[in-house]
Amino acid sequence: MMASIGEFDPLNTRVPATKIEVTVSCRSLLDVDTFSKSDPVVVLYLQAVGTKEWREFGRTEVIDNTRNPDFVRKFVLDFFFEEKQNLRFDVYNVDSRSCNISKHVSTDFLGQTFCTLGEIIGSTGGRLERTLSGIPGKKCGVIIFTAEELSNCRDIATMQLCANKLDKKDFFGKSDPFLVFYRSNEDGTFTICHKTEVIKNTLNPVWQPFTIPVRALCNGDYDRTVKVDVYDWDRDGSHDFIGEFTTSYRELSRGQNQFNVYEVLNPKKKGKKKKYINSGTVTLLSFKVESEYTFVDFIRGGTQLNFTVAIDFTASNGNPSQPTSLHYMSPYQMNAYAMALKAVGEIIQDYDSDKLFPAYGFGAKLPPDGKISHAFPLSGDSESPNCVGIEGVLEAYFQSLRTVQLYGPTNFAPVINKVANCAAEITDGSQYFVLLMITDGVISDMVQTKEAVVNAASLPLSIIIVGVGPAEFDAMEELDGDEVRVSSRGRLAERDIVQFVPFRDYIDRSGNQVLSMARLAKDVLAEIPDQLLSFMKSRGIEPRPALSSSPLPALHRHI
């Protein structure tokens with residue numbers, strides 16, 4: 001425990017996912033019972049990323065004698081925007097109340113469908129309708145999903161604490177105390193979720209108020225233990241343990257009262273000293289909870305993610321017809337460009353209703369006159385750079401490799417400015433743009449690129465840069481504003497909108513491409529929801545009310 005407190009990085013701790021409640025209904029199911037209608041149940045399976053294996057997650061209740069069930073039991077799933085969460089729903093007719101579904105498979109399978117959790121959330125009003133299939137030659141009816149975010153996922157708590165008469169730990173002065181908060185996990189372990197600032201040289205510190213998502217504190221379970229450790233800060237990182245106390249979100253939410261004064265106890269001292277009372281007290285001074293809008297609120301309110309791709313066609317990639325080239329098109333496996341494009345695109349496309357994706361290349365000489373371009377449409381049509389679906393983008397990319405000449409230099413600014421101009425036209429929150437740039441090398445126009453990024457930071461735009469191949473990408477870190485915000489001519493970027501990663505860091509050693517792609521997507525997309533929210537917040541944009549999805553067909557509802 002002692003070592004982990006120094007390594008806590010508030011930017012990289014994973015807050016428990018937002019929870020999505022999926023409700024299921026079916027219409028016009030097959031009739032398989034001879035003397036009555038079917039008694040349906042829906043079973044949900046989740047797919048493991050690496051193995052592709054399907055595991056049962058849960059099932060609805062059985063509703064007797066209906067072809068049009070509206071199930072009451074819902075599926076509550078953790079939602080990670082940055083992961084492709086594949087779902088399979090199987091519908092069965094249950095004759096006996098056996099818990100072994102496989103017994104019913106031969107006669108009582110009523111159909112199945114596949115989708116992703118992102119597709120349900122990204123569909124209009126969070127309502128997705130799918131045709132059931134799986135029984136040759138028969139119409140199996142439809143299955144309808146609605147997605148709703150659990151309300152306690154959006155709460156943000158702000159609290160302030162102080163302490164009295166803490167143990168003196170420093171030889172020459174008083175202590176330098178700080179608090180570390182942990183949430184308890186299902187398995188009894190603890191995960192660090194907040195660290196206060198250090199208050200120097202006092203046994204009676206008053207810490208600054210701080211804000212934390214309620215999910216991070218208790219993962220939605222208000223009675224779950226929250227453990228707080230009190231430490232004395234030491235310059236060399238070997239912070240001294242003063243003591244600890246436990247509470248819960250429910251206790252804290254009662255605010256300042258006599259119950260929210262906690263004795264700080266040091267178990268070692270308690271065991272050794274008979275007269276030991278405590279190592280001081282910590283008092284809650286104030287506590288308030290506010291609801292914040294979430295990424296899901298904006299998606300359900302109709303915000304669309306606009307996905308644009310830009311691919312590096314410079315000569316340093318190598319001749320595309322040679323196996324050593326980063327653009328080599330092997331009949332047996334995808335190259336790194338195609339993998340990066342597919343990994344990111346397949347997740348984002350769930351949040352884009354028209355599935356039309358502008359795709360550009362940069363750094364090539366174009367036919368017929370060999371003019372160099374740093375923003376040419378892969379479709380070959382300057383009027384319409386859109387490709388249909390991710391497959392359409394891949395097709396246009398492969399086609400361009402056959403028609404253009406790889407050249408140089410590696411200029412990013414023209415493509416960034418092109419997409420920024422589109423984003424500048426729609427700043428009302430109805431669209432948010434994501435530009436994926438895939439490159440093999442060092443930027444030639446860093447000064448212009450920084451200027452373009454600083455200008456774009458005030459727009460509804462995020463930029464993902466994936467570096468492929470073995471090059472040194474140190475210069476790219478300058479654009480990824482995690483450490484130091486990007487600046488140009490003395491102007492700082494309003495928000496951090498660039499995420500850079502080298503693809504080689506994600507490649508699975510055993511050669512499993514699916515796993516490599518999942519790892520890449522998880523990392524590069526993780527910041528997008530917060531970047532979207534930071535733009536909306538900076539402009540005072542609130543999500544529109546959830547788009548009303550068309551109601552279920554008016555049938556007698558069996559519950």
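**Reading cores, contacts and salt bridges**

Leaving aside neighbours within four places in sequence, phenylalanine 89 is in contact with Val24, Val42, Val43, Leu44, Phe75, Gly111, Gln112, Thr113, Cys115, Ile143 and Phe145. Keep in mind that this is a predicted model.

Trainee: Which residues touch the most other members of the largest nonpolar core?

Mentor: The general idea is that nonpolar side chains in soluble globular proteins tend to be buried together. Here, the largest nonpolar core has 82 residues, and Phe89, Phe313, Val466 and Leu525 touch the most other members. Helix H8 (residues 336-348) gives the most to this core, with ten residues. Another core, of 33 residues, lies apart from it and includes Phe362, Phe412, Val454 and Phe500.

Trainee: Now a single residue. Is threonine 308 buried or exposed?

Mentor: Buried means under 20% relative accessible area. Threonine 308 has 5% relative accessibility, so it counts as buried. You will find threonine 308 in strand E17 (residues 304-312). Not counting residues up to four places away in sequence, threonine 308 touches Pro358, Tyr360, Val419, Val434, Leu435 and Leu436.

Trainee: How many residues separate glutamine 160 and threonine 308 in sequence, and how many Å in space?

Mentor: They are 148 residues apart in sequence and 44 Å apart in space, C-alpha to C-alpha. Glutamine 160 belongs to strand E9 (residues 155-164). Beyond four places in sequence, the contacts of glutamine 160 include Val206, Trp207, Gln208 and Pro209, along with Thr283, Leu284, Leu285 and Ser286. A polar atom of the glutamine 160 side chain lies 2.9 Å from the backbone oxygen of tryptophan 207.

Trainee: How many salt bridges does the structure hold?

Mentor: Side chains of opposite charge can pair when their charged atoms come close. This structure holds 25 salt bridges. In one of them, the side chains of glutamate 119 and arginine 130 meet at 2.8 Å, N to O. Glutamate 119 sits in helix H3 (residues 117-122) and arginine 130 in strand E7 (residues 127-131), eleven residues apart.

Trainee: Which parts does the salt bridge between lysine 269 and aspartate 167 tie together?

Mentor: Those two side chains meet at 2.7 Å, N to O. Lysine 269 is in helix H6 (residues 267-272) and aspartate 167 is in the loop between E9 and strand E10 (177-184), so the pair ties together parts 102 residues apart in sequence. Lysine 269 is partly exposed, with a relative accessible area of 22%, whereas aspartate 167 is buried at 14%.

Key: Residues are numbered from 1 along each chain as its sequence is written. This is a predicted model: local features need pLDDT of at least 70, side-chain atom pairs count only at pLDDT 80 or more; totals for chains, interfaces and linings use all residues. Side-chain values use heavy atoms; hydrogens and water are left out. Helices (H or I, at least four residues) and strands (E, at least two) are DSSP runs, numbered from the N terminus. Buried means under 20% relative accessible area, exposed over 50%, partly exposed in between (1.4 Å probe, protein chains only). Contact means heavy atoms within 4.5 Å. A nonpolar core is a set of buried Ala, Val, Leu, Ile, Met, Phe, Trp, Tyr and Cys residues joined through side-chain atoms within 4.5 Å. A polar contact is a pair of N or O atoms within 3.5 Å; within protein, one must be able to donate a hydrogen and the other to accept it, and residues adjacent in sequence count only if both atoms are side-chain atoms. A salt bridge is a side-chain nitrogen of Lys or Arg within 4 Å of a carboxyl oxygen of Asp or Glu.
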